[in-house]
Structure formats: structure tokens, C-alpha cells
Amino acid sequence: MPYLPRTLGKLIDKANRQFPVLMLTGPRQVGKTTLLKSLCDGAGGPSRHYVTLDNPMLLALARDDPALFLQRFPPPVLIDEIQYAPGLLPSIKEFADAHGGKGLFWLTGSQPFHLMQNVSESLAGRVAVMHLQGLSFGERHGNGANSAPFLPDAGTQFAPDVVTSPLQWMFEHIWRGSFPALSQADAPDRDLFYGSYLQTYLQRDVRDLAQVGDLTAFTRFLRSAAARTAQLLNLADMARDVGVAPNTARHWLSVLQASGLVWLLEPYHTNLAKRLVKTPKLYFLDTGLAAYLTEWSSPATLEAGALSGPIFETWVIGEMLKSWWHNGKPAPFYYYRDKDQKEIDLLIVRDGRIFPVEIKKTGQPGKESVRHFAVLEKLGLPIGKGAVVCLAPERLPITPACDAIPAWQIA
């Protein structure tokens, strides 16, 4: 299968001309090295050394003698898995300051627990930091170069042919997940892939880098997080379910956040809204891994099961996040919920306006779906175009201020 262009590629090319160091972070196996290697191949400039610190001998050299390491692999160079040798960062800074120039060092890091603090301290002002997640829906279908940050008033961005029923088609994507390896024509068995991924994550990142001793309990915590995707975060319940102290659960949640596996959606606050719920919502960012951890054996059983609605919402939120992150922009996302149980799934705040979004696993959303949008008017907030992201066959108006948007058109 040919290489699928990533949306972030255009921004990396721009940053390479402005900064001496580029740092690409993200979970394991999302395609960081593949993306940077593809840009090396097409750069047309001087050849770039590639070195991975997964190699024990090179890792020992990087740790024991950083200066000699950089003599052996002078810039321009791509250094993979930099988190294993954070002692290289001061030497990279010294080289960049002494020699000048742009695009000298490309670094990848799968696990930023301590990495980003070291980067901030050592390379302040010298590094462009970017974050990569798994393939977006648009990237998977060859539309990566044209992706833009999602807004309800942006019009249709992408309209692939739906060759089967939208429900079955969408849940095949949701169940399989967004890791590039699983999109290849010769993709490995899905369960074998996720089993291996989980083992690698636990052994190399959680045990070694995050220093979590009880991997069995941590795995239970990971499964609990997957089962609670798209729900209000309740760390006390999660700690009780897993059998650990609340402080341990809080630390483990920070591990999952730092690994790029979960994301917290914060509630929207204004001075006028005193009665808003202040608890964040938890989202498990790869729906395939979430489905594997919660033991749904097929797209059909996932769609028919108790996780069906929450995991559809999770997939939509993840795709919207990628549309912003892969364009190098922070996602200005919030949710609304007050103590009267009036809730709006997503508020996108852009240029002083709030764009409300509901997410419904239905093919025929009605005006009832947007009844809570009126709450924003009572709060005096400027409101932009609204949307109900759903399984409708095409984009259609629900009200003059709100459209139904097919989930596959947000990529």
C-alpha cells in the first residue's frame, strides 16, 4: 500500500525552515518516524542521517558520550526515541547555538513523561514541538493534504463514497482504530496487533519510564478508562474498581494523558455561568484500542453493545481533535453541562464565537437534538453555526442555524 500523506507534513516543512530543532511526539506506532522519513526522502536538500535509540549500542553511546554521538551522527540528523537519552538535549543545544542554521535536528519521542520538561529547559526558543496521533479518517482515505480544522460553518471537507450502510461502514473504522499498520493491505491480525501493542506499552513505557510497579493493576485501570470513554471523569470510582488509592489513580491518569492515549475535555466556564459542572469528560483517543480493551470481538457486536453510543462520540471527538492538532493548532474544545442536566457535547471557541456541536448515533436527527443550544443564548454568548454530527447520508439543515453533518465529512 502506498504511503498515506499526513496533514502535519506541510507544517513540518514550514517549521524546518524556521527552527534548528523539530520535536515530533505522539503515542507509539502512529507513524512519527514514517512521516519524517518520507519528508527526508522528498526534501531535496542534504541527506539526513537516521539513528534510532532503540539500538542498545547507539543508546549507550548517546548516554555515555553525547558529544561523540553527535560527531558520529552530525546534522542534519533524525534521532528516533529521544526520550531514552535526554542527556543528548544539552549537547544538541550547544551544537545549534555554535553552528547556527535551521532544520539541524529532527527528534521523535513516544513517551513525553519527563521528555517535554527536558525539552523546555534545554531547547527553549530553538525547537518546534508538534503532536501526531493515528491516521485521521481523511488521511486514511487519501485526503490528508487537504484537511483543515473542523468548524461547523466550514462546509463539507471530505465526502468519500459509502459503499455499504453508513452504520456498518463507520463501525468497521471505529472497531479497527487509527494505527497506520492496521490500514495496510497486508495488515496484521487486529487482535494480535493490539495485544502486542499493549505489551510493549506496558513493559517499555509504563514500567521503565513511568515507573509503575504493578502492571496488572495498571492494566485494569487502562481497561476502566476505555470502558468509561465519553463519560464524566470519576477518579474515585475508577480507583475503587481497580483497588488502588485515589492518588495512585490520579498519577496513572496522568500517565495515560502523557502517553497520548486519553484526553480530557474541560467544561466551558464564563463569569455568567455559575452553575456549570466543573468535572472534565474522559475520552480514549484510539477507538480500536478501546474496543480491544473492552473485549468487543467485532464491529457488529460493538455497534449493538452498551459502548456503542459513547464510542461513536469518542471517534467523532478524536477526528475533530486530529483536524486541529495535525494542522499544528491547539483544539479550543469544551463541553457544556449545568446542574439542570442541560448538556451540549462540544463547544468550539473560535474568534470570539462559540460553535455548538451535538454527536448522535442516528441517521435522522431532529430539532430535539439541538434543544439545549438555546441555553447559550440565555447566557449572552455569541453563537456561530451549530452542527449535529451523525449518520445522516448527506449534510442537511435542521434549523437555519444548525446542520446535520455526516460523521465521515468532518475529516
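Reader: At what angle do the axes of helix α10 and helix α11 cross?

Author: The model is a predicted one. In it, the axes of helix α10 (residues 215-227) and helix α11 (residues 235-242) cross at roughly 135° and come within 9 Å. An angle counts as roughly antiparallel over 145 degrees and as roughly perpendicular from 65 to 115, so α10 is oblique to α11. The crossing of α10 and α11 is right-handed.

Reader: Which residues make the contact of α10 with α11?

Author: From α10 come A217, R220, F221, S224 and A225, and from α11 come L235, M238 and V242. By class, the residues of this contact divide into 6 nonpolar, 1 polar and 1 charged.

Reader: How do α11 and helix α12 cross?

Author: The axes of α11 and helix α12 (residues 246-258) come within 9 Å, and their crossing angle is roughly 105°. That angle makes α11 roughly perpendicular to α12. On the α11 side, L235, A239 and V242 meet P246, A249, R250, W252 and L253 of α12. The residues of this contact comprise 7 nonpolar, no polar and 1 charged.

Reader: At what angle do helix α8 and α15 pack?

Author: Helix α8 (residues 166-176) and α15 pack at an angle of about 75°, and their axes are 11 Å apart. The two helices are therefore roughly perpendicular to each other. M170, F171 and I174 of α8 make the contact with S308, I311, F312 and W315 of α15. These residues divide into 6 nonpolar, 1 polar and no charged.

Reader: How many aromatic pairs does a search of the whole structure find?

Author: The search finds 19 aromatic pairs. One of them is formed by F137 and W315, whose centres are 5.7 Å apart and whose planes stand at 85°. Planes over 60 degrees apart count as edge-to-face, and the pair of F137 and W315 is edge-to-face. The pair links distant parts of the chain: F137 lies in helix α7 (residues 137-140) and W315 in helix α15 (residues 308-325), 178 residues apart. W315 is also among the α15 residues in the contact with α8.

Reader: Let us turn to the sheets. How do strands of a sheet pair?

Author: Strands of a sheet pair through backbone hydrogen bonds, in either a parallel or an antiparallel sense. Here, an open sheet is formed by 6 strands in the order β9-β10-β11-β12-β14-β13, and its pairing is mixed. Its edge strands, β9 (333-337) and β13 (396-399), each pair on one side only. On average, neighbouring strands of this sheet are turned by 30° against each other, direction ignored.

Reader: Where in this sheet is antiparallel pairing to be found?

Author: β9 and strand β10 (residues 343-350) run antiparallel and are joined by 4 bridges. Y336 stands opposite I344 in β10. The hairpin of β9 and β10 has 5 residues between the strands, and in that hairpin Q341 takes a positive phi near 70°. β10 also pairs with strand β11 (residues 353-359) in the antiparallel sense, over 5 bridges. In that pairing, I348 stands opposite F355 in β11. The hairpin of β10 and β11 has 2 residues between the strands, and D351 takes a positive phi near 55° there.

Reader: In what sense do strand β12 and strand β14 pair, parallel or antiparallel?

Author: Strand β12 (residues 386-390) and strand β14 (residues 402-406) pair in the parallel sense, over 5 bridges. G386 stands opposite C402 in β14.

Reader: What is the order of the open sheet of 5 strands?

Author: The order is β2-β3-β4-β1-β5, and the pairing is parallel. β2 (49-52) and β5 (127-131) are the edge strands, each of which pairs on one side only. From one strand to the next, the twist averages 15°. Within this sheet, strand β3 (residues 77-80) and strand β4 (residues 105-109) pair in the parallel sense over 3 bridges. V77 stands opposite F105 in β4.

Definitions and conventions: Residues are numbered from 1 along each chain as its sequence is written. This is a predicted model: local features need pLDDT of at least 70, side-chain atom pairs count only at pLDDT 80 or more; totals for chains, interfaces and linings use all residues. Side-chain values use heavy atoms; hydrogens and water are left out. Axes are lines fitted to C-alpha atoms, for helices over the stretch in contact, and angles run from 0 to 180 degrees between N-to-C directions. Angles under 35 degrees count as roughly parallel, over 145 as roughly antiparallel, 65 to 115 as roughly perpendicular and the rest as oblique. A crossing is left-handed if the near helix is turned anticlockwise from the far one by less than a right angle, and right-handed if clockwise. Contact means heavy atoms within 4.5 Å. Ala, Val, Leu, Ile, Met, Phe, Trp, Tyr, Cys and Pro count as nonpolar, Asp, Glu, Lys and Arg as charged, and the others, Gly among them, as polar. Two strands pair if DSSP finds at least two bridges between them. Rings of Phe, Tyr and Trp (its six-membered ring) pair if their centres lie within 6.5 Å; planes under 30 degrees apart count as stacked, over 60 as edge-to-face and the rest as tilted.
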